[in-house]
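The sequence and model are shown below.

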Amino acid sequence: MAVEVINVPEAKRYEARQEGETELAGIAEYIRTAELVAFVHTEVPAKYEGKGVGAALARASLDEARAANLRVLAICPFYTGWIARHPEYQDLLCVNNVRTPFTALDEQSADNRRFLLRHIEVAAQLPTIRRVRRRALEAWDLQDPGRLLDVGSGAGEVVRDLAALVGPAGEVIGVDNSQAAVDFARERADAAVVRYDQGDALALPYPDDHFDGVRCERVLQHVVDPDAAIAEMVRVLRPGGRVCLIDTDWESMLFDGTPQLGEAYRKLAPALPAATSTGRTLRRRLVTAGLADVSAEPVTVAITDYAEAAALMSVVDRAVLQGPLLNLGETAEPWLAEVDRAVADGTLLAVLTIWVVTGTKPAP
Ligand SMILES: C[S@@+](CC[C@H](N)C(=O)[O-])C[C@H]1O[C@@H](n2cnc3c(N)ncnc32)[C@H](O)[C@@H]1O
(Lines give C-alpha, C1' and ligand atoms only; values in the text may rest on other atoms or scores of the structure.)
Protein backbone atom coordinates (compact mmCIF):
# COMPACT_ATOMS: atom_id res chain seq x y z
CA MET A 1 0.00 0.00 0.00
CA ALA A 2 1.33 3.48 -0.84
CA VAL A 3 2.62 5.71 1.94
CA GLU A 4 1.63 9.38 2.02
CA VAL A 5 3.90 11.91 3.71
CA ILE A 6 2.98 15.43 4.75
CA ASN A 7 5.00 18.20 6.35
CA VAL A 8 3.38 19.60 9.51
CA PRO A 9 5.52 22.69 10.20
CA GLU A 10 3.63 23.66 13.38
CA ALA A 11 4.61 20.28 14.89
CA LYS A 12 8.05 20.42 13.24
CA ARG A 13 7.67 16.97 11.81
CA TYR A 14 6.82 15.00 8.73
CA GLU A 15 3.96 12.56 9.20
CA ALA A 16 3.48 9.35 7.24
CA ARG A 17 0.22 7.46 6.80
CA GLN A 18 -0.76 4.54 4.68
CA GLU A 19 -3.04 5.63 1.86
CA GLY A 20 -6.62 6.05 3.04
CA GLU A 21 -5.73 5.61 6.76
CA THR A 22 -5.80 8.23 9.50
CA GLU A 23 -3.48 6.41 11.90
CA LEU A 24 0.11 7.66 11.98
CA ALA A 25 2.51 5.18 10.40
CA GLY A 26 5.62 7.18 11.27
CA ILE A 27 7.10 10.59 11.98
CA ALA A 28 10.37 12.41 11.30
CA GLU A 29 11.03 15.34 13.64
CA TYR A 30 13.18 18.21 12.49
CA ILE A 31 14.61 21.57 13.44
CA ARG A 32 14.78 24.13 10.68
CA THR A 33 16.80 27.28 10.41
CA ALA A 34 17.06 29.73 7.51
CA GLU A 35 19.77 27.60 5.86
CA LEU A 36 19.49 24.17 7.38
CA VAL A 37 17.12 21.41 8.25
CA ALA A 38 18.29 18.99 10.94
CA PHE A 39 16.51 15.64 11.21
CA VAL A 40 16.64 14.83 14.89
CA HIS A 41 14.31 11.88 15.50
CA THR A 42 12.43 9.30 13.44
CA GLU A 43 9.85 6.87 14.73
CA VAL A 44 7.95 4.07 12.99
CA PRO A 45 5.65 1.94 15.20
CA ALA A 46 6.43 -1.79 15.10
CA LYS A 47 3.26 -2.64 13.16
CA TYR A 48 4.39 -0.39 10.27
CA GLU A 49 7.97 -1.58 10.13
CA GLY A 50 9.11 -3.15 6.86
CA LYS A 51 6.45 -1.28 4.83
CA GLY A 52 8.70 1.44 3.41
CA VAL A 53 7.46 4.13 5.83
CA GLY A 54 10.96 5.32 6.86
CA ALA A 55 12.08 5.48 3.24
CA ALA A 56 8.97 7.47 2.26
CA LEU A 57 9.60 9.94 5.11
CA ALA A 58 13.26 10.35 4.14
CA ARG A 59 12.55 10.76 0.43
CA ALA A 60 9.72 13.28 0.84
CA SER A 61 11.53 15.39 3.42
CA LEU A 62 14.85 15.40 1.58
CA ASP A 63 13.17 16.26 -1.73
CA GLU A 64 11.51 19.19 0.01
CA ALA A 65 14.86 20.26 1.54
CA ARG A 66 16.41 20.25 -1.92
CA ALA A 67 13.55 22.26 -3.41
CA ALA A 68 13.91 24.84 -0.60
CA ASN A 69 17.70 25.00 -1.09
CA LEU A 70 18.37 23.83 2.47
CA ARG A 71 21.43 21.99 3.66
CA VAL A 72 20.73 18.83 5.64
CA LEU A 73 22.06 17.63 8.96
CA ALA A 74 21.32 13.98 9.65
CA ILE A 75 21.38 13.78 13.43
CA CYS A 76 19.07 10.82 13.87
CA PRO A 77 20.72 7.49 13.04
CA PHE A 78 17.92 6.49 10.67
CA TYR A 79 18.58 9.49 8.39
CA THR A 80 22.35 8.99 8.63
CA GLY A 81 22.02 5.35 7.56
CA TRP A 82 19.38 5.97 4.89
CA ILE A 83 21.35 8.77 3.20
CA ALA A 84 24.50 6.62 3.33
CA ARG A 85 22.58 4.00 1.28
CA HIS A 86 21.17 6.61 -1.15
CA PRO A 87 24.08 8.50 -2.71
CA GLU A 88 21.72 10.65 -4.77
CA TYR A 89 20.93 12.56 -1.53
CA GLN A 90 24.46 12.87 -0.19
CA ASP A 91 25.15 16.23 -1.82
CA LEU A 92 22.55 17.74 0.52
CA LEU A 93 24.55 16.88 3.63
CA CYS A 94 26.72 19.39 5.40
CA VAL A 95 29.51 17.01 6.33
CA ASN A 96 30.60 19.25 9.11
CA ASN A 97 29.45 22.68 9.93
CA VAL A 98 32.54 24.67 9.12
CA ARG A 99 30.66 27.33 7.25
CA THR A 100 29.54 29.70 9.96
CA PRO A 101 28.45 33.35 9.71
CA PHE A 102 32.09 34.23 10.55
CA THR A 103 33.57 32.09 7.77
CA ALA A 104 32.82 34.80 5.23
CA LEU A 105 31.48 37.75 7.17
CA ASP A 106 31.37 39.97 4.09
CA GLU A 107 28.82 37.66 2.47
CA GLN A 108 26.37 38.28 5.32
CA SER A 109 23.68 40.95 5.04
CA ALA A 110 24.70 44.40 6.28
CA ASP A 111 22.48 43.93 9.36
CA ASN A 112 24.04 40.55 10.22
CA ARG A 113 27.55 41.97 9.70
CA ARG A 114 26.89 44.84 12.08
CA PHE A 115 25.30 42.49 14.60
CA LEU A 116 28.25 40.07 14.48
CA LEU A 117 30.95 42.72 14.72
CA ARG A 118 29.18 44.34 17.62
CA HIS A 119 28.90 40.85 19.15
CA ILE A 120 32.71 40.45 18.96
CA GLU A 121 33.21 43.86 20.53
CA VAL A 122 30.82 43.10 23.40
CA ALA A 123 32.39 39.67 24.01
CA ALA A 124 35.80 41.32 24.40
CA GLN A 125 34.55 43.12 27.51
CA LEU A 126 33.30 39.97 29.23
CA PRO A 127 35.15 38.71 32.32
CA THR A 128 35.39 35.28 30.66
CA ILE A 129 37.14 36.56 27.54
CA ARG A 130 39.37 38.89 29.53
CA ARG A 131 40.43 35.98 31.72
CA VAL A 132 41.17 33.78 28.70
CA ARG A 133 43.17 36.59 27.08
CA ARG A 134 45.21 37.14 30.23
CA ARG A 135 46.04 33.44 30.40
CA ALA A 136 46.86 33.44 26.69
CA LEU A 137 49.24 36.37 27.01
CA GLU A 138 51.08 34.65 29.89
CA ALA A 139 51.29 31.35 28.03
CA TRP A 140 52.40 33.06 24.79
CA ASP A 141 55.46 34.13 26.83
CA LEU A 142 56.88 36.68 24.38
CA GLN A 143 60.41 37.89 24.99
CA ASP A 144 60.99 41.41 23.66
CA PRO A 145 58.70 41.12 20.64
CA GLY A 146 59.11 43.50 17.70
CA ARG A 147 56.49 42.25 15.24
CA LEU A 148 53.23 40.54 16.20
CA LEU A 149 50.31 39.24 14.15
CA ASP A 150 46.71 38.58 15.23
CA VAL A 151 44.97 36.33 12.69
CA GLY A 152 41.20 36.86 12.42
CA SER A 153 41.50 40.09 14.38
CA GLY A 154 37.77 40.92 14.28
CA ALA A 155 37.02 44.20 16.09
CA GLY A 156 40.75 44.62 16.63
CA GLU A 157 40.96 45.29 20.36
CA VAL A 158 43.69 42.66 21.03
CA VAL A 159 45.88 44.29 18.39
CA ARG A 160 45.43 47.62 20.17
CA ASP A 161 46.33 46.04 23.54
CA LEU A 162 49.47 44.48 22.06
CA ALA A 163 50.76 47.86 20.84
CA ALA A 164 52.12 48.53 24.33
CA LEU A 165 54.18 45.32 24.17
CA VAL A 166 56.13 46.14 21.01
CA GLY A 167 56.89 49.76 21.83
CA PRO A 168 57.11 52.64 19.30
CA ALA A 169 59.64 50.83 17.08
CA GLY A 170 57.52 47.72 16.75
CA GLU A 171 54.55 46.69 14.67
CA VAL A 172 51.31 44.86 15.46
CA ILE A 173 49.17 43.70 12.56
CA GLY A 174 45.65 42.39 12.67
CA VAL A 175 44.60 40.44 9.60
CA ASP A 176 41.04 39.42 8.84
CA ASN A 177 39.41 38.06 5.70
CA SER A 178 36.49 40.42 6.20
CA GLN A 179 36.87 43.94 4.83
CA ALA A 180 33.97 44.96 7.09
CA ALA A 181 35.91 43.73 10.15
CA VAL A 182 39.06 45.52 8.96
CA ASP A 183 37.12 48.79 8.48
CA PHE A 184 35.46 48.37 11.88
CA ALA A 185 38.86 47.85 13.56
CA ARG A 186 40.53 50.72 11.65
CA GLU A 187 37.88 53.14 12.92
CA ARG A 188 38.96 52.24 16.45
CA ALA A 189 42.74 52.19 15.86
CA ASP A 190 44.64 54.65 18.02
CA ALA A 191 48.35 53.80 17.81
CA ALA A 192 50.80 54.31 14.98
CA VAL A 193 52.28 50.83 15.45
CA VAL A 194 48.91 49.22 14.78
CA ARG A 195 47.79 48.12 11.31
CA TYR A 196 44.84 46.13 10.01
CA ASP A 197 45.04 44.22 6.72
CA GLN A 198 42.46 42.34 4.77
CA GLY A 199 43.74 38.82 4.13
CA ASP A 200 42.88 35.17 4.49
CA ALA A 201 44.33 32.93 7.20
CA LEU A 202 44.73 30.33 4.46
CA ALA A 203 47.06 32.59 2.44
CA LEU A 204 48.59 35.17 4.75
CA PRO A 205 49.93 38.19 2.82
CA TYR A 206 53.31 38.23 4.64
CA PRO A 207 56.79 36.88 3.94
CA ASP A 208 58.28 33.78 5.60
CA ASP A 209 59.90 34.08 9.05
CA HIS A 210 58.54 37.60 9.55
CA PHE A 211 56.87 37.77 12.99
CA ASP A 212 58.11 37.16 16.54
CA GLY A 213 54.66 36.06 17.62
CA VAL A 214 51.42 35.02 15.92
CA ARG A 215 48.13 34.57 17.74
CA CYS A 216 44.71 33.45 16.58
CA GLU A 217 41.67 33.59 18.86
CA ARG A 218 38.32 31.87 18.26
CA VAL A 219 38.88 31.90 14.51
CA LEU A 220 39.93 28.36 13.55
CA GLN A 221 36.44 27.05 14.43
CA HIS A 222 35.23 29.11 11.45
CA VAL A 223 37.99 28.17 9.02
CA VAL A 224 37.41 25.45 6.45
CA ASP A 225 40.91 23.97 6.82
CA PRO A 226 42.42 24.77 10.26
CA ASP A 227 45.64 22.83 9.58
CA ALA A 228 46.31 24.85 6.42
CA ALA A 229 45.78 28.06 8.42
CA ILE A 230 48.18 26.83 11.11
CA ALA A 231 50.78 26.00 8.43
CA GLU A 232 50.48 29.59 7.21
CA MET A 233 50.92 30.98 10.73
CA VAL A 234 54.04 28.84 11.20
CA ARG A 235 55.39 29.95 7.83
CA VAL A 236 55.22 33.66 8.71
CA LEU A 237 56.67 33.08 12.19
CA ARG A 238 60.45 33.39 12.58
CA PRO A 239 62.35 30.39 13.97
CA GLY A 240 62.15 30.65 17.76
CA GLY A 241 58.94 32.71 17.40
CA ARG A 242 55.87 31.85 19.45
CA VAL A 243 52.41 30.91 18.27
CA CYS A 244 49.32 31.14 20.50
CA LEU A 245 46.01 29.59 19.49
CA ILE A 246 42.80 30.06 21.43
CA ASP A 247 39.60 28.25 20.67
CA THR A 248 36.40 27.05 22.23
CA ASP A 249 35.41 23.45 22.79
CA TRP A 250 31.69 23.76 22.19
CA GLU A 251 31.10 20.12 23.03
CA SER A 252 32.26 20.91 26.57
CA MET A 253 29.29 23.23 27.14
CA LEU A 254 27.12 22.07 30.06
CA PHE A 255 24.20 23.53 31.98
CA ASP A 256 22.66 22.89 35.35
CA GLY A 257 19.00 23.23 36.29
CA THR A 258 17.80 23.86 32.73
CA PRO A 259 17.11 20.37 31.30
CA GLN A 260 15.25 21.58 28.20
CA LEU A 261 18.14 23.90 27.36
CA GLY A 262 20.59 21.01 27.77
CA GLU A 263 18.47 18.77 25.54
CA ALA A 264 17.95 21.51 22.95
CA TYR A 265 21.68 22.12 22.80
CA ARG A 266 22.40 18.40 22.40
CA LYS A 267 19.99 18.26 19.44
CA LEU A 268 20.79 21.64 18.00
CA ALA A 269 24.56 21.66 18.40
CA PRO A 270 25.32 20.28 14.96
CA ALA A 271 23.10 22.96 13.41
CA LEU A 272 24.57 25.84 15.38
CA PRO A 273 27.41 27.80 13.87
CA ALA A 274 30.82 26.42 14.79
CA ALA A 275 29.54 23.88 17.29
CA THR A 276 32.78 21.99 17.16
CA SER A 277 35.47 20.77 19.49
CA THR A 278 38.19 22.84 17.75
CA GLY A 279 39.69 23.89 21.11
CA ARG A 280 40.74 20.42 22.14
CA THR A 281 42.21 19.66 18.70
CA LEU A 282 44.71 22.54 18.81
CA ARG A 283 47.43 20.73 20.77
CA ARG A 284 47.39 17.83 18.31
CA ARG A 285 47.44 20.23 15.37
CA LEU A 286 50.47 22.16 16.67
CA VAL A 287 52.40 18.97 17.52
CA THR A 288 51.63 17.61 14.05
CA ALA A 289 52.72 20.91 12.48
CA GLY A 290 56.15 20.35 14.06
CA LEU A 291 56.07 23.03 16.77
CA ALA A 292 58.30 22.62 19.83
CA ASP A 293 57.40 23.20 23.51
CA VAL A 294 53.71 22.78 22.83
CA SER A 295 51.61 23.50 25.89
CA ALA A 296 47.84 23.27 26.15
CA GLU A 297 45.72 24.72 28.91
CA PRO A 298 41.96 24.24 29.21
CA VAL A 299 40.41 27.35 30.73
CA THR A 300 37.04 26.34 32.11
CA VAL A 301 34.59 29.10 32.93
CA ALA A 302 31.38 29.01 34.94
CA ILE A 303 28.90 31.57 33.67
CA THR A 304 26.05 32.66 35.91
CA ASP A 305 25.19 35.99 34.34
CA TYR A 306 22.62 36.09 31.53
CA ALA A 307 24.27 38.86 29.50
CA GLU A 308 27.55 36.99 29.57
CA ALA A 309 25.93 33.66 28.66
CA ALA A 310 24.04 35.27 25.78
CA ALA A 311 27.15 36.97 24.43
CA LEU A 312 29.07 33.70 24.38
CA MET A 313 26.46 31.04 23.70
CA SER A 314 24.09 31.26 20.75
CA VAL A 315 21.79 28.68 22.31
CA VAL A 316 20.66 31.14 25.01
CA ASP A 317 20.77 34.30 22.90
CA ARG A 318 17.29 35.34 21.79
CA ALA A 319 18.71 37.69 19.17
CA VAL A 320 20.65 34.87 17.50
CA LEU A 321 18.02 32.14 17.93
CA GLN A 322 15.02 34.17 16.85
CA GLY A 323 16.71 36.77 14.66
CA PRO A 324 17.81 36.45 11.04
CA LEU A 325 20.85 34.32 11.88
CA LEU A 326 18.92 31.21 12.94
CA ASN A 327 15.25 32.11 12.59
CA LEU A 328 14.11 29.46 15.07
CA GLY A 329 11.09 31.50 16.17
CA GLU A 330 8.81 29.72 18.64
CA THR A 331 10.94 26.54 18.58
CA ALA A 332 13.32 28.16 21.02
CA GLU A 333 10.64 29.39 23.46
CA PRO A 334 10.52 26.35 25.82
CA TRP A 335 14.20 26.48 26.66
CA LEU A 336 14.40 30.27 26.62
CA ALA A 337 11.53 30.33 29.16
CA GLU A 338 13.57 27.91 31.26
CA VAL A 339 16.61 30.21 30.99
CA ASP A 340 14.43 33.21 32.00
CA ARG A 341 13.30 31.28 35.11
CA ALA A 342 16.88 30.35 36.02
CA VAL A 343 17.94 33.98 35.61
CA ALA A 344 15.00 35.19 37.73
CA ASP A 345 15.79 32.83 40.61
CA GLY A 346 19.54 33.34 40.30
CA THR A 347 20.41 29.70 39.50
CA LEU A 348 21.64 30.01 35.91
CA LEU A 349 24.84 28.02 35.36
CA ALA A 350 26.62 27.33 32.10
CA VAL A 351 30.09 25.81 31.94
CA LEU A 352 32.43 26.07 28.99
CA THR A 353 36.05 25.22 28.26
CA ILE A 354 38.20 27.43 26.05
CA TRP A 355 41.70 26.16 25.18
CA VAL A 356 44.91 28.17 25.12
CA VAL A 357 47.61 26.35 23.18
CA THR A 358 51.12 27.64 22.49
CA GLY A 359 54.28 26.44 20.75
CA THR A 360 57.64 27.55 19.41
CA LYS A 361 58.76 27.39 15.77
CA PRO A 362 61.91 25.27 15.74
CA ALA A 363 65.06 26.41 13.96
CA PRO A 364 65.34 24.88 10.47
C1 LIG B 1 34.57 35.09 16.37
S2 LIG B 1 35.49 36.28 15.53
C3 LIG B 1 36.89 36.44 16.62
C4 LIG B 1 37.58 37.76 16.46
C5 LIG B 1 38.76 37.99 17.38
N6 LIG B 1 39.84 37.06 17.13
C7 LIG B 1 38.35 37.97 18.82
O8 LIG B 1 38.81 37.06 19.56
O9 LIG B 1 37.57 38.83 19.25
C10 LIG B 1 36.17 35.44 14.13
C11 LIG B 1 36.91 36.36 13.20
O12 LIG B 1 37.67 35.56 12.28
C13 LIG B 1 37.56 36.11 11.00
N14 LIG B 1 37.83 35.03 10.02
C15 LIG B 1 37.06 33.95 9.74
N16 LIG B 1 37.65 33.20 8.79
C17 LIG B 1 38.83 33.80 8.48
C18 LIG B 1 39.86 33.51 7.57
N19 LIG B 1 39.83 32.43 6.77
N20 LIG B 1 40.92 34.35 7.49
C21 LIG B 1 40.98 35.47 8.29
N22 LIG B 1 40.00 35.79 9.17
C23 LIG B 1 38.94 34.97 9.27
C24 LIG B 1 36.15 36.67 10.95
O25 LIG B 1 35.97 37.63 9.92
C26 LIG B 1 36.01 37.24 12.36
O27 LIG B 1 36.46 38.57 12.40
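Arg215 has Cys244 in β10 as its bridge partner. The two strands concerned, β9 (residues 211–217) and β10 (residues 237–256), run parallel and are joined by 6 bridges. Gly213 likewise stands opposite Arg242 in β10. Between β9 and β10 the chain passes through helix α7 (residues 226–236), and this β-α-β crossover is right-handed; the term means that, with the strands pointing away from the viewer, the path from the first strand over the helix to the second runs clockwise. Helices (H or I, at least four residues) and strands (E, at least two) are DSSP runs numbered from the N terminus, and two strands pair if DSSP finds at least two bridges between them.

The model is predicted: local features need pLDDT of at least 70 and side-chain atom pairs count only at pLDDT 80 or more, whereas totals for chains, interfaces and linings use all residues. Residues are numbered from 1 along each chain as its sequence is written.

**The seven-stranded sheet**

Strands β9 and β10 belong to an open sheet of 7 strands with mixed pairing, in the order β8-β7-β6-β9-β10-β12-β11. Its edge strands, each pairing on one side only, are β8 (194–198) and β11 (292–303). From one strand to the next, the twist averages 20°; angles run from 0 to 180 degrees between N-to-C directions, and axes are lines fitted to C-alpha atoms, for helices over the stretch in contact.

β10 is also joined to strand β12 (residues 349–360), by 11 bridges, and these two run antiparallel. Within that pairing, Asp256 has Leu349 of β12 as its bridge partner.

Helix α5 (residues 157–166) lies across β6 (147–151), β7 (171–176), β8 and β9, running at about 160° to β7. Helix α7 packs on the sheet and touches β6, β9 and β10, its direction making about 150° with that of β10. Contact here requires that the C-beta atoms of two residues, placed from the backbone, lie within 7 Å.

Helix α7 also meets helix α9 (residues 278–288): the two axes come within 11 Å and cross at roughly 50°. The helices are therefore oblique to one another, since angles under 35 degrees count as roughly parallel, over 145 as roughly antiparallel, 65 to 115 as roughly perpendicular and the rest as oblique. The crossing of α7 and α9 is right-handed, that is, the near helix is turned clockwise from the far one by less than a right angle. Pro226, Asp227 and Ile230 of α7 make the contact with Thr278, Arg285 and Leu286 of α9.

**The five-stranded sheet**

A further open sheet has 5 strands in the order β1-β2-β3-β4-β5, again with mixed pairing. β1 (3–8) and β5 (71–74) are the edge strands, each pairing on one side only. Neighbouring strands are turned by 25° against each other on average, direction ignored.

Strand β2 (residues 13–18) runs antiparallel to strand β3 (residues 26–32), with 4 bridges between them. Tyr14 has Ala28 in β3 as its bridge partner, and Glu15 stands opposite Ile27 in β3. On the β4 side, Ile27 is partnered with Glu43. β3 is mostly covered, with 5 of its 7 residues buried; a residue is buried if 20 or more other C-beta atoms lie within 10 Å of its own, exposed if 12 or fewer, and partly exposed in between.

| Strand pair | Direction | Bridges |
|---|---|---|
| β9 and β10 | parallel | 6 bridges |
| β10 and β12 | antiparallel | 11 bridges |
| β2 and β3 | antiparallel | 4 bridges |
| β3 and β4 (residues 36–43) | antiparallel | 6 bridges |

**A loop residue and the whole chain**

Asn327 is found in the loop between α11 (318–322) and α12 (333–344). Asn327 counts as partly exposed because it has 15 C-beta neighbours inside 10 Å. Apart from its neighbours within four places in sequence, Asn327 is in contact with Thr33 and Ala34. Asn327 and Ala74 lie 253 residues apart in sequence and 19 Å apart in space, C-alpha to C-alpha.

The chain comprises 12 helices and 12 strands. Of its 364 residues, 44% count as buried. Among contacts between residues at least 6 apart in sequence, 70% join residues at least 24 apart. Taken along the principal axes, the C-alpha atoms fill a box of roughly 80 × 50 × 35 Å.
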